[in-house]
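Thanks for coming. I will go through one model today, starting with a sheet, then the domains, then the ligand.

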Amino acid sequence: MVDVRQELIARTKKSREAYESSAQVLAAEVASTIDMPHPFYVAEAHGAKIVDLDGNEYIDMTMGMGPHVLGHAPDCVVEAVCDAAPRGLQYGIHNPHQETLARLILDPSPALDQVVFGNSGTEATLYAVKAARALTGKRKVGLFDGSYHGVHDYVLATPNRNSPRSAPTAFGRGAGIPEDVTGQIAMLPYRDEAAFDQIRAQRDELALVMIEPVQSSNPQRETKAWLQELRQVCAESDVLFAVDEVITGFRLAWGGGQEVFDLQPDLATYGKIIGGGTPVGALAGRAELMRCFTQSREAQQQAGFEPVRPVFAGTTFGGNPLTMAAGTAHLRYLRDHREQVYPELERQSDRLAAAINSHCESQGIPARMLNAWSMFHLVFGATEIHGSRDIQYEHLEAEREFYLHLLYHGVIIPGLHIAFLSAAHGDAEVDAIIEAFERSFADIRERGLI
Ligand SMILES: Cc1ncc(COP(=O)(O)O)c(C=O)c1O
């Protein structure tokens, strides 16, 4: 049997050099990668493919962790960036480009009127929490078991695994988070009606309930009725309701999770796709809520609203012209080609998941490809996944080896094993992914790991 680890090491000598040298000056790299003795380093990426420093080519299912719904470096975005760059990279003064992108973001979402820009999804969810607290005078934020909303302390919590499934408690994720900050997070059970009573019971404390329309760690489609009831319960309880569309926005459909689940939120957060591959974040909401970002109380009053103390917002690069150009080109392309892009992406995604799942079933492989539209997570072990707690981690060695073999067979899914397809993945790429999965399953079975 080929020693895949040794083969990969031999193929990636330049990555090894890069790793040894960068470890001297980088405390951490962007995200964890494939479990090799050294990570591999990317030289360039086009469409569905990436090329490493040694010139090896792989089919990529990372897709930049979500932004590249059209594939890497689509012509429309590259041209827009090249066109914008000579006219200035960053002004720090008003420019007309924010309005153009804001109008595109709002276009498919009838519930939303206004936008503020930041540089990451993290900033977007930070603004959502601050706005909700400022507007309601309440402090708590309801988040769901299995969710992820970025790296700021107001949302960085995991469910305490010893707490009951239907009544989870929040546990600060990683060091450095004050306990009283985590204490302001109400951890709610996902896809569980018990969440509704917990929201009702905490209605006087909850400023906001925020949810990903599809969780990236647990991509499920069958949530529409539950999400709609959740929205209703929030409205009846005077708790603001935000959808975190940082991944799902402009990925599931032109109108994101709001369109496919027919949701009218108070607030929505965006990132990833709306920047066309450049750093971005945005909070959008109803005008009467977004008034809290208008810095003058007089201006709030003139717009017909009861004035509130403004939320401080503003970062050096928020709304920078390069991001606005990239995001505008990306969203314009998606808007103008939505009839082709989204149905085809869904068709390829469902075809991929169905082929892998039928292979696993027929071969008795204890794994299942979860997918909701073009978001994927291969889970080993459990056959029925309701919430993230059903995802088992007892097959870690098999999982680690599986992704190593997948890389050897030409497909990369790094880090947390959350994967995406893009419009650049055509029949040939999807067929090659299916074949690579089948060969990798066979390899780890041969090694006695499943
Ligand atoms: C749903 C969701 N919200 C927020 C974030 C944070 O975005 P960023 O990494 O751009 O800060 C992410 C990142 O993956 C995300 O998936």
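**Sheet, domains, ligand**

Four strands make up an open sheet with mixed pairing, in the order E1-E2-E3-E15. Strands here, like helices, are DSSP runs numbered from the N terminus: at least two residues of E for a strand, at least four of H or I for a helix. Two strands pair if DSSP finds at least two bridges between them. Strands E1 (42-46) and E15 (411-412) are at the edges with a single partner strand each, so one side of each has no neighbour in the sheet. E2 (residues 49-52) and E3 (residues 57-60) run antiparallel and are joined by three bridges. Isoleucine 50 is opposite tyrosine 58 in E3.

A word on the source: this is a predicted model, where local features need pLDDT of at least 70 and side-chain atom pairs count only at pLDDT 80 or more, while totals for chains, interfaces and linings use all residues. Residues are numbered from 1 along each chain as its sequence is written.

Now the domains. The assignment, which is automatic or from a database, gives domain 1 (4-73 + 339-446) and domain 2 (75-336). Their centres, taken over C-alpha atoms, are 28 Å apart. In domain 1, 24 residues are in contact with 26 residues of domain 2, contact being C-beta atoms, placed from the backbone, within 7 Å. Helix H13 (338-363), strand E13 (367-372) and strand E14 (375-380) each give two or more residues to that side of domain 1.

Last, what surrounds the ligand? There are 15 residues, and the closest are Ser120, Gly121, Thr122, Gly150 and Val246; near means a C-beta atom, placed from the backbone, within 6 Å. Helix H5 (residues 121-136) gives the largest share of this shell, three residues.

Conventions. Two residues are in contact if their C-beta atoms, placed from the backbone, lie within 7 Å.
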